[in-house]
Amino acid sequence: MKNVIWLVIGVAAGFVVAHEVNKTQQGKAFFTELDTKAREFGEAMSEGYRQREAELHAALDDDAAGTAPVTGAP
């Protein structure tokens, strides 16, 4: 329980510090740049996921079209 209290205190302190930093011009620039980079990272991850998913679907379609299902041991 003690660890949870320290976690909550740390999160609250982080929010307070971030709010104070965001009041300055440099802080706003920092958070704007951070937001841009986070969005670019998220978009890159999504694009990579979609590409890999398409590759896997293509491989499954090729496999299904080219081979008969395995029905047992020889």
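Ile9 lies in helix H1, which spans residues 2-22; helices here are DSSP runs of H or I with at least four residues, strands are DSSP runs of E with at least two, and both are numbered from the N terminus. The model is predicted, so that local features need pLDDT of at least 70 and side-chain atom pairs count only at pLDDT 80 or more, while totals for chains, interfaces and linings use all residues. Residues are numbered from 1 along each chain as its sequence is written, and side-chain values use heavy atoms, with hydrogens and water left out.

With a relative accessible area of 42%, Ile9 is partly exposed. In this report, buried means under 20% relative accessible area, exposed means over 50%, and partly exposed is the range in between (1.4 Å probe, protein chains only). Ile9 also contributes to a nonpolar surface patch of about 670 Å², together with Met1, Val4, Ile5, Trp6 and Val8. Patches are made of residues with over 30% relative accessible area and no salt bridge; like charges are joined within 9 Å, and nonpolar side chains (Val, Leu, Ile, Met, Phe, Trp, Tyr) within 5 Å.

**Overall composition**

The secondary structure of the protein consists of 2 helices and 0 strands. The protein has 74 residues, of which 1% count as buried. Its accessible surface is about 6,800 Å², and 65% of this belongs to carbon and sulfur atoms. Accessible areas come from the Shrake-Rupley method with a 1.4 Å probe; for residues, only the protein chains shown count as cover.

**Aromatic pair**

The structure holds 1 aromatic pair. Phe30 and Phe31 form this pair in an edge-to-face arrangement, at 5.2 Å centre to centre and with 70° between the planes. Rings of Phe, Tyr and Trp (its six-membered ring) pair if their centres lie within 6.5 Å; planes under 30 degrees apart count as stacked, over 60 as edge-to-face and the rest as tilted. Phe30 is partly exposed at 47% relative accessibility, and Phe31 is partly exposed at 27%.

**Charged and polar side chains**

Side chains of opposite charge can pair when their charged atoms come close. The structure holds 5 salt bridges, each defined as a side-chain nitrogen of Lys or Arg within 4 Å of a carboxyl oxygen of Asp or Glu. The table includes some of them.

| Salt bridge | N to O distance |
|---|---|
| Glu20 and Lys23 | 3.3 Å |
| Arg39 and Asp35 | 3.1 Å |
| Glu47 and Arg50 | 3.3 Å |

In the bridge between Glu20 and Lys23, Glu20 is partly exposed with a relative accessible area of 44%, whereas Lys23 counts as exposed at 52%.

Arg39 and Asp35 both belong to helix H2 (residues 25-66), where they are 4 residues apart, about one turn of the helix. Arg39 is exposed, with a relative accessible area of 54%.

Glu47 and Arg50 are separated by about one helical turn because they are 3 residues apart in helix H2. Glu47 counts as partly exposed at 36% relative accessibility, and Arg50 likewise counts as partly exposed, at 47%.

Helix H2 also contains Glu55, which is partly exposed with a relative accessible area of 45%. The side chain of Glu55 makes a polar contact with the side chain of Arg52 at 3.1 Å. A polar contact is a pair of N or O atoms within 3.5 Å; within protein, one must be able to donate a hydrogen and the other to accept it, and residues adjacent in sequence count only if both atoms are side-chain atoms.
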